[in-house]
Amino acid sequence: MLDTLNTMITDMLGPAGPLMVVAGLAFLLILATIPMMLAQRPDPMEKLKKTGQERLDAETRAVLREKRKNEKLNKYAQFLEPQDAKELSAIRMKLLQAGYRSKDAVQMYYFAQFALGLGLLGVGVLYFLLLVDQSAATMQQKIMYILGPGAVGYMAPKYWVNKRVEKRKEEIQSGFPDALDMMLVCVEAGQSMDQAIVRVAREIRPSFPALADEFEIISHEMKAGKDKTQVLNDMSERCGVQDVSSFVTVLNQSQSFGTSISDALRVYASEMRDKRVMRAEEKANQLPTKMTLTTMMLTVPPLLIILVGPSAVGISEMGSIGQ
């Protein structure tokens, strides 16, 4: 069969016919493999380098934007920051406890006070000039209409930050017993303390994001090589919760004396569960008192009206008949 095919090709193309056919098949094979070669999967290292470069570019752009914004605020830093180092440290710690950890948080806080104070002061002046009878207004009314909105605008950021601090403390205090139980499980399963903190931060984020943020900060600082004792003390200051401070003390003492961390976590987690039950019982015991006051305010006046009302109407009718 091959001889017949060879003879046919030789008759059609001449003595060089078989060579030409082989060359043509090789050329077609090369054309067919070129798209396959071009469509092959990229090198994983190249893909990793490209992804890393894109991430680095994105972080660089974010840093540049933050730097430009900081430069605008730094022009007025002497007006937007307290010059006393102690006062600056106190307001920075207050903002950290509220969850504002950016570099220019202090400047933004004082800028908000300055802008809202002047803005609402201007609104108060316009309202007084346009809608209030100035000739009949007393000095107390002038102060209330003009300075009142400005004072409210100046105090609003402070009120907001204080509310954020209290809300964040309550969230950390509520989620801390569960975080300790999960950390104890991770440590007893064989994980190190650092790995347990990372795992706990990932697991509790949907329920307690503020506490998860604190644990993530701890893990990042430990990876950066910061002293563990200092990292835990910083967390205690940022949270401002007594339970967290006691937990930090327990871990530092366990590390100093070389005792088992799992035993310390087990005892402290049990104490935290008992304290949570005690807080729930305390709120339950306060409930009857609150309900009593509310019940008296809502039921006693209608009851007096029902009981005394007919007598008052009868007395008034007797007085009218006597006249």
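Contact, on this tour, means heavy atoms within 4.5 Å. Helices (H or I, at least four residues) are DSSP runs, numbered from the N terminus. Buried means under 20% relative accessible area, with a 1.4 Å probe and protein chains only. The model is predicted, so local features need pLDDT of at least 70, side-chain atom pairs count only at pLDDT 80 or more, and totals for chains, interfaces and linings use all residues. Residues are numbered from 1 along each chain as its sequence is written, and side-chain values use heavy atoms, leaving out hydrogens and water.

**Stop one: α9**

Select α9, residues 209-223.

F215 belongs to the largest nonpolar core, which has 34 residues. Such a core is a set of buried Ala, Val, Leu, Ile, Met, Phe, Trp, Tyr and Cys residues joined through side-chain atoms within 4.5 Å. The members touching the most other members are F176, M183, F215, F247 and L265. Colour α7, α8, α9, α10, α11 and α12 next, as each supplies at least two residues of this core. α7 (139-188) gives the most, with eight residues. Another core lies apart from this one; it has ten residues, including L95, V106, Y110 and V161.

**Stop three: α6 and Q113**

Move to α6, residues 105-131, where you'll find Q113. Is Q113 buried or exposed? It counts as buried because its relative accessibility is 5%. Q113 touches G153, Y154, P157 and K158, again skipping residues up to four places away in sequence. Other buried residues of α6 include V106, Y109, Y110, G117 and F128. The 27 residues of α6 should span 39 Å, and its end C-alpha atoms are 38 Å apart, which agrees.

**Last stop: the cysteines**

Select C186 and C239: C186 is buried at 9% relative accessibility, and C239 is buried at 1%. Counting a disulfide as a pair of cysteine sulfur atoms within 2.5 Å, the total comes to zero.

Terms used
Buried means under 20% relative accessible area, exposed over 50%, partly exposed in between (1.4 Å probe, protein chains only). The expected span of a helix is 1.5 Å times one less than its number of residues.
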